[in-house]
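Reader: Could you walk me through this fold, strand by strand?

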Amino acid sequence: MSPELLEIQPRELKFTFELKKQSSCSVQLVNNFNRYVAFKVKTTSPKTYCVRPNTGVILPKSTCDFTVIMQAQRVAPPDMQLKDKFLIQSTVVPFGSTMEDITSSLFTKESGRYIEENKLRVVLVSPPHSPVLLPNSNNGALNHEPAYGAAILKDQLLTEFENLPPSDIIVKDADKSKSKVSELELKLSEMGLKLSEAQKTITRLREERVTAIQERDTLQQELMVQTCCVWDTKGLF
């Protein structure tokens, strides 16, 4: 079996999947021959992915990288599985060929050229500290397992304040909780002072009401005594 025109690394496209966020990955094409090789990248979901560059010419004993960008998704696919595929077509072109010489007809079977085709599948991986779906070796069901590795540990060391390690996040949350508790205690204390003042005001009003009633009764009694004296005086005359 003759060797392939292009050596492709990696053989699958891995995207870190997060809702409403773009994700990208790079693919390297290696031309191990002493001839010019042209390539073209196609996908089954052109609205979901953007490939740059999607065509090119690789010089003898040289490499070329292309980047695939997955557009931001609003909904996660079932079981984090996608059926999207990529097709890399390659063919030998004359010495000295440039991008201007690359046309779509160059990669059709009607051209009579030998067209080599390699298919790449799409794999979704979860971001650090997020559950990743893995098949269960017992019954094929999907399990949630944390994704960790050397690259993740490196990213943790390079992250800023927003991406604190788990222990710092716990301390940060504890500080927030303490702050909220202090705020609640302060509000309760203020409410207690207001309630105490209200009770004092009620007590004072009650005392003033009792005093007013007593004064009224005294005035009524004095009025009755004076009235009786007037009537007694009139009786004498």
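Predicted model: local features only at pLDDT ≥ 70, side-chain atom pairs only at ≥ 80, totals over all residues.

Author: Residues are numbered from 1 along each chain as its sequence is written, and side-chain values use heavy atoms, with hydrogens and water left out.

Reader: Which strands make up the open sheet, and in what order?

Author: Strands are DSSP runs of E, at least two residues, numbered from the N terminus, and two of them pair if DSSP finds at least two bridges between them. At the edges sit β1 (6-9) and β5 (49-52), each pairing on one side only. Pairing in this four-strand sheet is antiparallel, and the order is β1-β3-β7-β5.

Reader: What is the bridge partner of Ser23 in β7?

Author: Strand β3 covers residues 23-31 and strand β7 covers residues 62-70. They run antiparallel, joined over nine bridges. Ser23's partner in β7 is Met70.

Reader: Why is strand β8 largely enclosed by the rest of the structure?

Author: Buried means under 20% relative accessible area (exposed is over 50%, partly exposed in between; 1.4 Å probe, protein chains only). Strand β8 spans residues 85-93, and it is largely enclosed because the number of its nine residues that are buried is seven.

Reader: How many disulfides are there?

Author: A disulfide is a pair of cysteine sulfur atoms within 2.5 Å. Cys25 is buried at 12% relative accessible area, and Cys64 is buried at 18%. By the distance rule, the disulfide count is zero.
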